[in-house]
Amino acid sequence: MMEASWRLLAEARRLLRRPAPGLIPRRLRHKKKWASTEPKFSPTRLALQNFDVNYKVQFGDLWPSIRVSLLSERKYGALVNNFSTWDKTASELEQLEAKDFVMEAQRRGRRKAFPEDPSAPALPPELETHCPPAAPWPCSPNLRCYTFTRGDVSRFPPSRASSLGLLDYYLLDASSLLPVLALDVQPGDAVLDLCAGPGGKTLGLLLTGCCRHLTANEISGSRTRRLKQVLQHYVPQDVSQVRVTSQDGRKWGDLERDTYDRVLVDVPCTTDRHSVLEEDNNIFQRSRKAERQMLPMLQVQLLAAGLLATRPGGTAVYSTCTLSHLQNEYVVGGAIDILASQYQIQVQVEDLSCFRHLFQDTFSFFPSCRTGELVLPVLWANFGPMYFCRLRRLT
Ligand code: SAM
């Protein structure tokens, strides 16, 4: 393996594992055979202990409020199904006093491009510096997603089938639409969703109405079944441009190199919110320790494969639902190094700071990401965590 990968793995081990034996005071060391006497913490408690150690360092004074938010009830968004009776759905959601956060952001952007338009709200001054003048909408088009406003913790009723037999909206953490928006899918694009199950973002990609064809890949059998169910309940049968595959995404560089205009790499991660709340299927279970320690390596391999599958000039978005820099910015850096040194391919991180300002009414963004953007859970907008970074293949 590459030197960069080993460096990353060593760093991963350092941060995700207990300190190296040499660093543990002798009186606290125990032999392996005594390990059964080690206190048995539940996976959620282990997760919280791990986050308290690492995230206090990463986020400093912000950590206590992020911690409380992670442990509190999260907010949802209702992604409107454009394949169903979307206008009726939209007016029903408006009656609940929910707002389409994508349209609100579009209005902000339009106000920047056409300052005389009276229907658009005034721009905050900081947007002036972050969005280029007359910027076109820098996101995938045609998406409508409703959320309750700041501090409103109302819940959406379950989605119902419309007269067309399709469900009218899909409930998801609204911040998980940001990677789909950031992918900036354009009409006629060939799109790959490398880690697609259970399918929320795949649905988002299809709802843009832009995909000439979409490959949705998912390695796990059960999650592939859930992905197919989502497509069945939300997408008409005659929409034929979707192909579902169940490959190891790490092989995609060999399977279809230089092929796609847009690639979404939404990788497995420590799923921080799930890890502090749910004992079931928790990556902090003792039996999954090795899997957890190998996550950054798997993430680098998946992102590298996604970038290889992108055509030169095309873009990929890397995303996770963890706060961990090690699984976010370090992985982006590791994959860029691998592409440059092993394949002589140049990749550039694109500036998404414009997103921070377009969507500031709905989400709280971490102000100090060096690459990509990170949505922080806060009590007034309890979405995320969601990290996303857009990369352009230059060669
Ligand atoms: N994009 C999905 C959505 O929005 O509904 C969520 C994806 S989830 C964060 C990551 C997924 O990657 C999991 O379903 C997991 O089974 C899958 N996965 C893990 N290893 C993989 C691999 N080597 N190749 C492809 N998929 C993988």
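Predicted model: local features only at pLDDT ≥ 70, side-chain atom pairs only at ≥ 80, totals over all residues.

Q: Which side chain of opposite charge is nearest to D168, and how far away is it?
A: The general idea is that side chains of opposite charge can pair when their charged atoms come close. For D168 the nearest such side chain is R160, 4.4 Å away. A salt bridge needs a nitrogen and a carboxyl oxygen within 4 Å.

Q: With which side chain does D168 make a polar contact?
A: With that of S159, at 2.8 Å. D168 itself sits in the loop between β3 and β4. Among the residues it touches are L79, V80, T89 and E92.

Q: What is R160 linked to by salt bridges?
A: R160 belongs to a network of salt bridges with K88 and E92.

Q: How do I read the burial pattern of a helix?
A: An α-helix has 3.6 residues a turn, so residues three or four places apart point the same way. Take helix α4, residues 86–95, where T89, A90 and L93 are buried. Seen down the axis, the buried residues of α4 fall within an arc of 100°, so they line one face of the helix. Their cover includes the strands β1, β3 and β4. After α4 comes E97, which has a positive phi, near 70°.

Q: How many residues are in the largest nonpolar core, and which touch the most other members?
A: In soluble globular proteins, nonpolar side chains tend to be buried together. Here the largest nonpolar core has 47 residues, and F59, L303, Y318, L323 and L391 touch the most other members. Helix α13, residues 295–309, gives the largest share of this core, 9 residues. Apart from it lies another core of 45 residues, including L143, L183, V185 and L231.

Q: How many salt bridges are there, and which parts does the one between R67 and D52 tie together?
A: The count is 20. In the pair R67 and D52, the N to O distance is 2.8 Å. R67 lies in helix α3 and D52 in helix α2, so the pair ties together parts 15 residues apart in sequence.

Q: Which parts of the chain does the salt bridge between D173 and R74 link?
A: The closest N and O atoms of D173 and R74 are 3.2 Å apart. D173 is in the loop between β4 and α7, and R74 is in the loop between α3 and β1, 99 residues apart.

Q: Is D173 buried or exposed?
A: D173 is buried, because its relative accessible area is 9% and buried means under 20%. R74, at 31%, is partly exposed.

Methods: Residues numbered from 1 in each chain as written. Heavy atoms only, no water. Buried < 20%, exposed > 50% of the residue type's maximum accessible area, 1.4 Å probe, protein only. Helix = DSSP H or I, 4+ residues; strand = E, 2+ residues; numbered from the N terminus. Arc of directions from axis to C-beta. Contact = heavy atoms within 4.5 Å. Core = buried A, V, L, I, M, F, W, Y, C linked by side-chain atoms within 4.5 Å. Lys, Arg positive; Asp, Glu negative; His and termini not counted. Polar contact = N/O pair within 3.5 Å; in protein donor to acceptor, adjacent residues only side chain to side chain.
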